[in-house]
Amino acid sequence: MELCKIVESVVHSGVDVIQVRDQGAHSAAIHAAAMTVVNKAREWEQKRGNKIHVIYNMNSDQDLLGNESLLNVIKDRVPPKDLLDALGGVHFPERMIEYCEFVFEKSISPEKKLVGTSVHSVESALSALNCSISLDYLQVGTMFPTESHIGKIPEGVELIRDIKNHPALNSIPLIGVGGIQSTNAAQVLKAGASGIASIRSLLNPQEASTLRQLLNEFKTQHSASF
């Protein structure tokens, strides 16, 4: 599906945040794609009357393939200043969060951006708190089996619960990710997540509508923040 069509589809479903990720793409290509998403999101902001945050995911496979050191990959992956200023925020893979300061060297204050990282354990969530930049959220999981990570054993909703129950972590918003659909999203929210992230569910209009309705109902019932 064409990128602009994808953006229109997910925005129409009511999402507030779009995360742009393609770890296999060259940096120039993902930078261009992110700017396309930003421009499309701005069009929809005028139609909807509310902010749509576009988050740039720093993930890249290059260091995992042994082609580059992690630090060199991060420096290459940093968005150019015009893109970074236009973005709503930046998301870091778990292994990159300790280098978060490199992203904001050329930009406005990170306090004006949403900044988050992926975590897959309570220990990595605690380590993320040592980041030199204050984090706005933790993206937790894999919650359920997913085609995005075939063969991976999910950490499950218990990880959301464990992080939420830790006294050092109970105030930071948690976003559940991985295999989330309308049939299981409530489990993630009841475990303590502030929101959920999904790909395929949002590309199916009926499923996206059901998921949005579920989120709205949960928000009303539990005074949750999304």
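This report describes the disulfide and some of the salt bridges in a predicted model.

## The disulfide

The model has one disulfide. It joins cysteine 100 to cysteine 131, with an S to S distance of 2.5 Å. Cysteine 100 sits in the loop between strand E3 (89–92) and strand E4 (114–119), while cysteine 131 sits in the loop between helix H5 (122–128) and strand E5 (137–140), so the bond ties together parts that are 31 residues apart in sequence.

The torsion about the S-S bond is about 120 degrees, so the disulfide is right-handed. Cysteine 100 and cysteine 131 are both buried. Cysteine 4 is partly exposed, at a relative accessible area of 25%.

Side chains of opposite charge can pair when their charged atoms come close. The structure holds eight salt bridges. One of them pairs glutamate 43 with lysine 40, at 3.3 Å from N to O. These two residues lie in helix H2 (residues 27–48), three residues apart, about one turn of the helix.

Lysine 40 is buried, with a relative accessible area of 14%, whereas glutamate 43 is partly exposed at 39%. Together with Glu8, Lys40 and Glu43 belong to a network of salt bridges.

## Other salt bridges

Glutamate 147 and arginine 200 also form a salt bridge (3.5 Å, N to O). Glutamate 147 lies in the loop between E5 and helix H6 (157–165) and arginine 200 in helix H8 (residues 200–203), so this pair ties together parts that are 53 residues apart in sequence. Glutamate 147 is exposed at 58% relative accessibility, and arginine 200 is partly exposed at 42%.

In the salt bridge between glutamate 155 and lysine 152, the closest N and O atoms are 2.7 Å apart. Glutamate 155 is partly exposed, at 25%, and lysine 152 is partly exposed, at 29%.

Definitions and conventions
Residues are numbered from 1 along each chain as its sequence is written. This is a predicted model: local features need pLDDT of at least 70, side-chain atom pairs count only at pLDDT 80 or more; totals for chains, interfaces and linings use all residues. Side-chain values use heavy atoms; hydrogens and water are left out. A disulfide is a pair of cysteine sulfur atoms within 2.5 Å. Helices (H or I, at least four residues) and strands (E, at least two) are DSSP runs, numbered from the N terminus. Buried means under 20% relative accessible area, exposed over 50%, partly exposed in between (1.4 Å probe, protein chains only). A salt bridge is a side-chain nitrogen of Lys or Arg within 4 Å of a carboxyl oxygen of Asp or Glu.
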